[in-house]
Amino acid sequence: MGHKHSPKFLKIIIMLRARIIPCLLIHNKGLVKTIKFSNPKYVGDPINAVRIFNEKQADELMILDIDASVKDVGPSFGLIEKLAAECSMPLCYGGGVKSKEHVIKIVNMGVEKVAVSSAVFENFSVLNEMVSSVGSQSVVVVFDIKQSNRMFSKKYNIYTHNGTKLASEDPLKMLQKVQEAGVGEVVFNFIDRDGTMKGYDLEYAKILWEECSIPITFLGGAGSLEHVKQLISDTENIGAAAGSMFVFKGKYRAVLINYPSFQEKMEICKMSDQHKLIT
């Protein structure tokens with residue numbers, strides 16, 4: 001007799017384990033880090049950073065071009081090709097992706113996942129076209145969210161164009177829509193937490209996770225492995241992404257590419273055995 005499992009149980013089986021993901025921002029073709037999406041600080045060469053994360057055996061790597069949507073330009077295919085050729089881990093690239101042709105070209109360069117943001121609000125049907133062209137596993141939607149300025153409000157809004165343009169006042173509704181469109185993963189990037197290194201917004205992350213039946217990643221606020229551990233402990237088997245934590249070291253924010261050791265990852269993630277989950 002077969003077993004019946006709840007949707008959340010099935011979700012855990014599908015995801016298998018948590019992922020710790022460095023997120024690199026590209027500005028004027030250089031690697032930068034921002035604070036609350038402002039004041040980009042140059043921290044090095046993106047290709048060199050990829051090589052270091054290769055050596056440190058990062059679970060995945062997310063690279064976002066923060067200029068493309070603001071300048072209304074397409075993906076930087078030359079840079080993408082170099083990054084994909086260098087990267088030995090699963091790579092997610094976003095920035096200026098507007099069409100299924102963009103996605104197909106990027107995937108053909110060897111990029112495993114392509115992130116889409118503003119295009120979701122400009123022409124929602126393009127998501128279906130992208131999924132049909134390359135498969136759900138290669139299409140990721142990134143939502144940049146910010147807490148409302150209303151007094152005593154915990155309401156969040158979605159922004160595009162590097163946090164400058166209000167796109168939606170209902171993240172949960174948009175989460176449901178993109179799941180129905182068949183995308184393979186959703187990333188929630190907390191603008192208010194970006195670069196602060198004060199920790200994830202655990203309360204809202206848990207609300208989003210509970211409403212999500214596909215892989216989900218949270219970005220914004222991580223400043224220590226303890227922050228990552230807290231997120232994974234609260235939400236189980238998700239993506240814990242971070243920027244500043246992996247490019248800065250110490251209270252003076254000296255530039256130093258770093259990543260947890262295998263032993264540290266094992267302790268944080270508590271990697272699950274698929275067979276144990278099924279029994």
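Predicted model: local features only at pLDDT ≥ 70, side-chain atom pairs only at ≥ 80, totals over all residues.
**Close-up 1. Strand 10 and the strands on either side of its pairing.** Residues are numbered from 1 along each chain as its sequence is written, and side-chain values use heavy atoms, with hydrogens and water left out. Strand 7 (residues 139-147) also runs parallel to strand 10, to which six bridges join it, and V187 is the bridge partner of V142. Helices (H or I, at least four residues) and strands (E, at least two) are DSSP runs, numbered from the N terminus.

**Close-up 2. Burial of strand 10.** Six of the six residues of strand 10 are buried, a term that means under 20% relative accessible area, with exposed meaning over 50% and partly exposed in between (1.4 Å probe, protein chains only).

**Close-up 3. Salt bridges around R19.** The structure holds eight salt bridges, each defined as a side-chain nitrogen of Lys or Arg within 4 Å of a carboxyl oxygen of Asp or Glu. E60 forms one of them with R19, the closest N and O atoms being 3.1 Å apart; because E60 lies in the loop between helix 2 (46-55) and strand 4 (61-65) and R19 in strand 1 (residues 19-27), this pair ties together parts that are 41 residues apart in sequence. Both E60 and R19 are buried. E185 forms a salt bridge with R19 as well, with 3.2 Å between the closest N and O atoms, and since E185 belongs to strand 10 (residues 185-190) and R19 to strand 1, the parts tied together here are 166 residues apart in sequence. E185, like R19, is buried.

**Close-up 4. The salt bridge of E86 with R51.** The closest N and O atoms of this salt bridge are 3.3 Å apart, and because E86 lies in helix 4 (residues 77-86) and R51 in helix 2, the pair ties together parts that are 35 residues apart in sequence. E86 counts as partly exposed at 28% relative accessibility, and R51 counts as partly exposed at 41%. Elsewhere, salt bridges that share partners join R19, E60, K113 and E185 into one network.

**Close-up 5. The hairpin of strands 2 and 3.** Strand 2 (residues 30-35) and strand 3 (residues 38-44) pair in the antiparallel sense over four bridges, with I35 opposite S38. The two strands form a hairpin with two residues between them, and K36 in the turn has a positive phi of about 55°. G30 lies in strand 2 and, at 8% relative accessibility, counts as buried. Leaving aside neighbours within four places in sequence, G30 is in contact (heavy atoms within 4.5 Å) with L25, Y42, G44 and P46.

**Close-up 6. Helix 8 against helix 9.** The axes of helix 8 (residues 171-180) and helix 9 (residues 202-210) come within 10 Å and cross at roughly 35°, the axes being lines fitted to C-alpha atoms over the stretch in contact and the angles running from 0 to 180 degrees between N-to-C directions. The contact is made by P171, L172 and L175 of helix 8 and Y204, I207 and L208 of helix 9.

Note on methods:
Pairing = 2+ DSSP bridges.
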